[in-house]
Amino acid sequence: MTYTIIGTGAIGGYYGGCLMRAGRNVRFLLHTDYKYVKENGLQIDSCNGSFHLNNVEAYDDTRNMPMSDVVLVCLKSTNNHLLKQLLAPIVNDQTIVVLIQNGIGLEEDLQALFPTLPIVAGLAFICSGKIGPGHVSHQCYGQINLGNYSCKEELFRSLLTDMQAAGITAADVPYAEARWKKAVWNMPFNGMTVALNTSTDRLLKNPATRKLIYEQMMEVIGAAQALGVKGVDASFADKMMTMTDEMVPYSPSMKLDYDFKRPMEIHYLYTKAIAEAARAGFSMPKLSMLEAELRFIQASYL
């Protein structure tokens with residue numbers, strides 16, 4: 001299968017790099033470091049073994065890109081208003097689009113723009129950051145859960161097998177379960193690192209904020225259960241707490257956006273999830289308060 005990476009940053013650079021290293025035909029859409037990558041390639045510093053990729057097929061405009069079998073969308077969801085323009089030249093009704101993004105309701109909104117598009121949710125459990133032009137630092141983890149939203153089963157299986165063959169730990173997880181499981185970690189940690197201007201390890205080392213993080217996780221799990229999502233229970237919150245205890249000190253993507261005074265992914269990470277839960281009769285008071293705090297913080301610099 002051939003691949004196009006939309007958004008060659010911490011996530012797209014790593015997964016796209018793994019696919020290219022394994023011999024797949026991968027095309028990368030870049031913005032600020034397009035010329036650098038075209039001339040110098042991609043450098044992936046990884047806990048699983050670092051590598052450099054030369055002769056990268058780099059583009060700065062999807063209108064100049066050929067069709068691919070798979071498009072990995074690795075943009076921040078704050079840029080999703082660009083997707084119609086970006087995807088239109090490179091997709092047809094056989095092109096699998098994988099949304100490797102944070103939040104709830106992303107696939108529904110994209111499907112409204114492209115009714116026949118095969119869409120898959122990509123939930124990355126990875127600590128990775130872009131540290132320079134064409135330079136990605138992958139610190140730990142790297143698993144991606146794939147939730148089939150509207151893709152034919154045979155196409156979905158081909159994607160899953162191909163990613164696994166490229167050395168990516170990819171698992172098939174029911175769509176709603178995949179999205180809400182990722183929210184169990186994302187909703188507490190992304191917002192709390194911003195609201196308290198801190199990192200994940202410090203939140204868990206303090207007894208008060210550790211308790212609050214766990215209570216927020218349980219709100220997400222309660223919302224998922226109210227919506228009829230299977231496979232998301234308290235044991236998963238315990239697993240996420242243990243995983244985060246074992247991680248290197250980490251600043252999630254929303255904290256980095258805050259640090260650089262960029263728009264934060266509040267809409268899909270909080271607003272949509274809280275609204276879906278409310279429609280099922282479940283309230284999320286602690287996370288609703290965190291959403292309001294984040295909107296206040298963002299309004300102070302945008």
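Me: How far apart are the end C-alpha atoms of helix H8 (residues 207-226)?
Reply: They sit 29 Å apart, and this agrees with the 28 Å that its 20 residues should span at 1.5 Å a residue. The expected span is 1.5 Å times one less than the number of residues in the helix. Helices here are DSSP runs of H or I with at least four residues, strands are runs of E with at least two, and both are numbered from the N terminus.

Me: What kind of model am I looking at?
Reply: It's a predicted model, where local features need pLDDT of at least 70 and side-chain atom pairs count only at pLDDT 80 or more, while totals for chains, interfaces and linings use all residues. Residues are numbered from 1 along each chain as its sequence is written, and side-chain values use heavy atoms, with hydrogens and water left out.

Me: OK, back to H8. Which of its residues are buried?
Reply: Thr 209, Ile 213, Gln 216, Met 217, Glu 219, Val 220, Ile 221, Gly 222, Ala 223 and Ala 224. Buried means under 20% relative accessible area, exposed means over 50%, and partly exposed is in between, using a 1.4 Å probe and protein chains only.

Me: And what covers them?
Reply: The cover includes helices H6 (175-195), H7 (200-205), H9 (234-246), H11 (266-279) and H12 (285-299).

Me: What's going on at the ends of H8?
Reply: At the N-terminal end, Asn 206 is the cap, with a side-chain oxygen 2.9 Å from the backbone nitrogen of Ala 208. That's a polar contact: N or O atoms within 3.5 Å where, within protein, one must be able to donate a hydrogen and the other to accept it, and residues adjacent in sequence count only if both atoms are side-chain atoms. Just after H8, Gly 228 has a positive phi of about 85°.

Me: Which non-glycine residues have a positive phi, for example?
Reply: Asn 55 is one of them, at about 55°. Lys 261 also has a positive phi of about 55°. For background, most residues other than glycine have a negative phi.

Me: Where are those two, and are they buried or exposed?
Reply: Asn 55 is in the loop between strands E4 (51-53) and E5 (57-59), and it counts as exposed because its relative accessibility is 75%. Lys 261 is in the loop between helix H10 (253-259) and H11; at a relative accessible area of 42%, Lys 261 is partly exposed.

Me: Are Cys 18 and Cys 74 buried or exposed?
Reply: Cys 18 counts as buried at 2% relative accessibility, and Cys 74 counts as buried at 13%.

Me: What about Thr 193, where does that sit?
Reply: Thr 193 is in helix H6 and is buried, with 0% relative accessible area. A polar atom of its side chain lies 2.9 Å from the backbone oxygen of Phe 189. Not counting residues up to four places away in sequence, Thr 193 touches Thr 198, Ser 199, Thr 200, Leu 203, Pro 252 and Lys 255. Contact means heavy atoms within 4.5 Å.

Me: And Thr 95, what does its side chain reach?
Reply: The backbone nitrogen of Asn 92, at 3.1 Å. Thr 95 lies in the loop between helix H3 (83-87) and strand E7 (96-99), and counts as buried at 1% relative accessibility. Among the residues Thr 95 touches are Ser 68, Asp 69 and Leu 117.

Me: Zooming out, how many helices and strands does the chain have?
Reply: Twelve helices and ten strands. The radius of gyration is 19 Å, close to the 19 Å that the globule rule gives for 302 residues, so the chain is as compact as a globular protein of that length. The radius is taken over C-alpha atoms, and the rule is 2.2 Å times the number of residues to the power 0.38.

Me: How much of the chain is buried?
Reply: Of the 302 residues, 57% count as buried.
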